[in-house]
Amino acid sequence: MDIAALKERARQHVDSGDFAAELATMVGYRTVSSDLEQAPAVRAYLEEILRPALEGLGCVVEVHENPDLRGGPIIVGQRIESPQLPTVLCYGHADVVTGQEGLWREGLDPWTLTIEGERWYGRGSADNKGQHLTNITALRFLLEEHGSLGFNLTYLIESSEEIGSPGLPEFAATHRDLLRADVLIGSDGPRLDAATPTLFLGARGGLGIILDVDLRPGLYHSGNWGGALRNPATTLAGAISAIVDGHGRIQIPGLLPPEVPTAVREALANVAMGTTPGDPAIDPTWGQPELTPAERVYAWNTLEVIALDAGDPARAVGAIPGRARAHLQLRYVAGTDLTKAHEHLTEHLAAHGYPMVKVTLTGTYPASRTPLDDPWVTWARQTLEEAWAGPIAVLPNIGGGLPNHVFTDILALPTLWLPHSYPGCRQHGPDEHLLASIPREGIPLAAALFHEIAEKPTPNAN
């Protein structure tokens, strides 16, 4: 494969507007998985956009109903060239978070792709429509050049990732034969930064923690009753600080992982965060003091307060509230044992004088990752660095959550994630955008990875 020619073709495809035109159509579908009213749009996206795209790759395509009523349909395209060839399972997701209309910068609309120089704004442009379009384009280029892929392809795109992928584990367990493969190549989440091609191998898990202090109905005058009534907001603040201190350090040993493995520490030794213009400044005093910022995000657990509620901040009055609530989120790495998380929390709070705080746990994805020494990881790194003509970042996992465990734990696959986005893309918020430079680079990188599966011996994962 002539990588220089492939890079030039990808550049022309992006700069000509062809890629953007296809992405604009995709962005126009309001595939919000958290909004049941958008279920027809989700199904239409699968049938009108993804089915023809996968059939264009020579796939036999079927849309499957989700075994979980909370989840949307799952589309699977399959191209079998020979039983003797390796099989690649690809993953993406069709759904997006809510559009947050009215909160975007003036001139931007979440459902219209707006191009401003290198930034292409629109909901799903980065998460995940632009990402699966990048991989589909890479596969198209290979087919057009060679007439075949040289491997078998199974492409799975779900429509419920943004609500925790309900039903995907059950679907995978039921359809093991359909999804049987040698390796997963997925694209989601961000690169390390805008300029650094990245390979990551899994994801941190997520555990939601709700703290409730519900002491009495109604409000009481803070002058007449202050000093006699326990304040639930003050109690909640104290309870939070007993769990995670004011410098972001978790105070409960049972919520922490084992020590950072040597291989993980070595992989992160030269990883720098916050290097893209516009990134927030890294706070060196936040979190576990003996760890680097990269180790805190990719190799350790973090507990963040994501919402607080007490009284009415918009119309504050001189009164003691009757209740207070906080939402916290524990992001945790593989190897963390959370089987007794509720017990650890309630016992710790009681020991610190807060037995009145009720703890409720909610879950998202469990933590999982492919080992750094897996032969597929070595192979993928070498392939990508040859195509890039320089070093890439290899991360043990990303800081966020993905259904990686479905592929590692249920399908027993090594997982290689090649993300086509960057941390500053504003995913999940107003002004989400894709940088045009990333598909310019991502198309040839993905094509190189796919091409080498056909051309060179690959590790035998099975």
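Two strands count as paired if DSSP finds at least two bridges between them; strands (E, at least two residues) and helices (H or I, at least four) are DSSP runs, numbered from the N terminus. In this predicted model, local features need pLDDT of at least 70 and side-chain atom pairs count only at pLDDT 80 or more, while totals for chains, interfaces and linings use all residues. Residues are numbered from 1 along each chain as its sequence is written, and side-chain values use heavy atoms, without hydrogens and water.

Thr114 is opposite Tyr121 of β5. Three bridges link β4 with β5 (residues 119-121) in antiparallel fashion. The open sheet they belong to has three strands in the order β4-β5-β19, paired antiparallel. β4 (114-116) and β19 (433-435) are the edge strands, each with a single partner, so one side of each has no neighbour in the sheet.

## Four-stranded sheet

Another open, antiparallel sheet has four strands, in the order β12-β14-β10-β15. Its edges are β12 (302-310) and β15 (358-363); each has a single partner strand, so one side of each lacks a neighbour in the sheet. Eight bridges pair β12 with β14 (residues 323-332), and Leu308 stands opposite Ala326 in β14.

## Nonpolar cores

A nonpolar core is a set of buried Ala, Val, Leu, Ile, Met, Phe, Trp, Tyr and Cys residues joined through side-chain atoms within 4.5 Å, where buried means under 20% relative accessible area (1.4 Å probe, protein chains only). The largest has 62 residues, and Leu23, Trp120, Leu153, Leu416 and Phe450 have the most contacts inside it. Helix α13 (residues 437-455) supplies the largest share of this core, eight residues.

Terms used
Buried means under 20% relative accessible area, exposed over 50%, partly exposed in between (1.4 Å probe, protein chains only).
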